[in-house]
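Here is a protein chain to walk through, step by step. Keep the sequence and the 3D view side by side as you read.

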Amino acid sequence: DINAGVLPGLSESNFGMDELSEGLMSTLWVGGKSTSFNDNETLFSLTFKALESVPNLSSVLHSSSDVTAAMAIDEMGNTIGVDFEFLTSVATGEIESKTFALFQNQPNPFNGQTNISFRLPEAGRATLRVFSAEGRLVKTVLGNFAEGMNTITFQKSDFGSNGVFYYELETPKHSDRKKMILID
């Protein structure tokens, strides 16, 4: 099922179901002007019915660029990656607002500066490390961060050269790693 949220003009016609039998669904929404939404607003929701037992929905449902590019475009024309975020507790069915998450840097690839955002379930110490593709430590940011969303901005000069880099966020209880690309 498809339920419209705060995206103006969104309907079932924004979703391509031609390849659903192969497990693929596409969506496209184009706004007439730059639009901002609050963090707690639902853009749209999709309801899925499991046809067989799976450990969790996040193990079988993901975004890809197999049908259409998995991206959004911001007001400056920069592409932004798109992915699902699973926040519902299996035990209670309630939305979990205090979950750990490391997000894809934006924009990616980048050539001037990029932002790395993350969400902490509680305020505390965290370390963000950036490594070259060869595993060389390029940059470390260590600090006490607030509960909720946090963002760190990096400049091209922080990396020394173009290429593929990995960044990892570590707290006393959580860690995650992502890849980013610096281009000229």
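Start with four phenylalanines: F110, F154, F159 and F165 form one aromatic cluster. Keep in mind that the model is predicted.

Now look at the aromatic pairs. The structure holds 5 of them. F15 and F44 make an edge-to-face pair, with 5.3 Å from centre to centre and 75 degrees between the planes. This pair links distant parts of the chain: F15 sits in strand β2 (residues 15-16), F44 in strand β4 (residues 44-46), and 29 residues separate them. F44 is partly exposed, at 29%.

A second pair joins F118 and F145. Their rings are also edge-to-face, 5.2 Å centre to centre, with 85 degrees between the planes. Again distant parts of the chain are linked: F118 belongs to strand β8 (residues 113-120) and F145 to strand β10 (residues 137-145), 27 residues apart. F118 is buried, with 0% relative accessibility. F145 is buried too, with a relative accessible area of 15%.

F15 has a further link to follow. S26 lies in strand β3 (residues 26-27), and S26 is buried at 16% relative accessibility. Leaving aside neighbours within four places in sequence, S26 is in contact with N14, F15, G16, V67 and T68.

An open sheet of 3 strands runs in the order β7-β8-β11, with antiparallel pairing. β7 (101-102) and β11 stand at the edges, each with a single partner strand, so one side of each has no neighbour in the sheet. Strands of a sheet pair through backbone hydrogen bonds. Between β7 and β8 there are 2 bridges, and the two strands run antiparallel. L102 stands opposite F118 in β8.

Charged side chains come next. Side chains of opposite charge can pair when their charged atoms come close. The structure holds 7 salt bridges. In one of them, the side chains of E122 and K173 meet at 3.4 Å, N to O. E122 lies in the loop between β8 and β9, and K173 in the loop between β12 and β13, so this pair ties together parts 51 residues apart in sequence. E122 is partly exposed, at 42%. K173 is exposed, at 63%.

Two further bridges complete the tour. D176 forms a salt bridge with K178, their closest N and O atoms being 3.8 Å apart. D176 is partly exposed at 29%, and K178 is partly exposed at 24%. Which residues do shared partners join into one network? Salt bridges connect R129, E168, E170 and R177 in this way. Within it, E168 and R177 meet at 3.8 Å, N to O. R177 is partly exposed, at 44% relative accessibility.

How values were computed: Residues numbered from 1 in each chain as written. Predicted model: local features only at pLDDT ≥ 70, side-chain atom pairs only at ≥ 80, totals over all residues. Heavy atoms only, no water. Phe/Tyr/Trp six-rings, centres within 6.5 Å; stacked < 30°, edge-to-face > 60°. Helix = DSSP H or I, 4+ residues; strand = E, 2+ residues; numbered from the N terminus. Buried < 20%, exposed > 50% of the residue type's maximum accessible area, 1.4 Å probe, protein only. Contact = heavy atoms within 4.5 Å. Pairing = 2+ DSSP bridges. Salt bridge = Lys/Arg side-chain N within 4 Å of Asp/Glu carboxyl O.
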